[in-house]
Amino acid sequence: KKVYQYVKILSFDKEKKQQPSTSAQKKDKVKQSLQEDDLFFKRLILIGSWNESNDEDIKFVSSITELEYKEIQKKLIKIKLDNDSLLSYKNGIWTLKDKNELWSRIKDVLLKKEISSFIETAERILEERDPALDLPDNQRCFAPAFKKNKKYSNNIRRGIVEGFALLANTDDFANCEAYDIRLLCQHQIRLLLDNAEWAKWASLKQLIHTIAEISPSAFLTCLNKALNNESCNMSEVFKPYNYRNENYTTEYLTSIEMLAQIPEFYTQCCNALISINKIAKDEYTSNSLYKILSPWENTSIPSKSQFHFLQVLFSRDDDLAWEIVTTILFRRHYSVDSLPNFKWMKFNPKKNNLTSSEVKALVQEYLKLALENAKNKQQRLFSLLKENNNYSLSYLHKVCDKIKICLKQEKKNAENENLWISLVDVLNGFYYPVDKLSAENKEKYNTIKKLESLIAP
């Protein structure tokens, strides 16, 4: 027995030395597992994740794989023991690891009939209305306590949508045309969202970022249609944010910001954000608009297109456009969150790096736009005056001339006293005594001082 054990240890050591590196070993195990269970995996990968403590999840997995769940469990346990890099299991939740690597192998054994069957079957899961929406706003976060749970788990819903995303963004299949599969996915997304009421949009909150990557066109068209349709009651989804209420806005804003980097969808994204802002009227929506309209932030869109849309915005929402143009001009060095990245779509935004001369030319255009749209509104003109260190002396003269015209048209009143106080603050804002200022800054100081004497009480 001792001799036998010794021989066994020697043979094990010999085998261990002959084994390839761990990364190569893992790849070989993955290939071996896939070759043995191609039929099982090719249906499982489209589901991606599920919760086996949920009976409806189990029924759906069984119907897609055409196997009883006990048999599925045996297969899954065997695969996990053979190769831990393929599957993860925690708290009753099965998840396929590294879908993209698995997909490169599985996609070539999928048939169009199987894909069509999966899409049609999966549609009923995505159609489900969240029962938590029956509760008042401030109680929705406690939905499980009120037994207001979805029929299917969030894991399987997310896994299915990711399966759609893999199908829609694959360029080549061995057994079917990629174009046909893409159209099929886009059609299903359009059916899901077209004429949808607010409850469906709210129920899809956690999945909307991936849905936007499956079919950007269908997502943006249906969203804009719903926002302009009173019967959809989208004000329930995009309510002004309150810490007591469920927040649905953030996921939609990040999805729109992401798609705004694609030139063909840029106008639709801008229109959607303007419509959302009319409902929400919060800093998050206006910040998203700034990010996609700013030539310093969204560098994948031509600056001329951004400038043109900002001109159009002044005719649609004057106050919002003014807030954005002044932020672009005077807060452009402030850091903001970068635009979201694409996870499923094979799109790499091209960044247009502006030269210093192009930046200067753009700043001049935006300054001109700001002065035109300040009109005869004193508050706007004085806000431009406060930023005098950001522009030239000639521009300051134009601003002051406009203010003088406004003062001639209006009689002295209490508001003028407030404006005078603002002017004094501007004068006090010069960092050095007058005699130590540069020639240009001294001229700016004297110009503002003359204006201040006109409205001094």
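Q: Which residues does Arg157 touch, not counting residues up to four places away in sequence?
A: Contact means heavy atoms within 4.5 Å. Arg157 touches Ile125, Leu126, Glu128, Lys150, Tyr152, Ser203, Leu204 and Leu207, with residues up to four places away in sequence not counted. This is a predicted model: local features need pLDDT of at least 70, side-chain atom pairs count only at pLDDT 80 or more, and totals for chains, interfaces and linings use all residues. Residues are numbered from 1 along each chain as its sequence is written, and side-chain values use heavy atoms, leaving out hydrogens and water.

Q: Is Arg157 buried or exposed?
A: Buried means under 20% relative accessible area (1.4 Å probe, protein chains only). Arg157 is buried. A salt bridge puts a side-chain nitrogen of Lys or Arg within 4 Å of a carboxyl oxygen of Asp or Glu. Arg157 has none. Glu128, the nearest side chain of opposite charge, is 4.3 Å away. Lys and Arg count as positive, Asp and Glu as negative; His and the chain ends are not counted.

Q: Where is Arg157 placed?
A: Helices are DSSP runs (H or I, at least four residues), numbered from the N terminus. Arg157 is in helix α8, residues 154-168.

Q: At what angle do α8 and α9 pack?
A: Axes are lines fitted to C-alpha atoms over the stretch in contact, and angles run from 0 to 180 degrees between N-to-C directions. Here α8 and α9 (residues 178-193) pack at about 140°, axes 8 Å apart. That makes α8 oblique to α9, as angles under 35 degrees are roughly parallel, over 145 roughly antiparallel, 65 to 115 roughly perpendicular and the rest oblique.

Q: Which residues of α8 and α9 meet?
A: Phe164, Leu167 and Ala168 in α8 meet Ile181, Arg182, Cys185 and Gln188 in α9.

Key: Helix = DSSP H or I, 4+ residues; strand = E, 2+ residues; numbered from the N terminus. Buried < 20%, exposed > 50% of the residue type's maximum accessible area, 1.4 Å probe, protein only.
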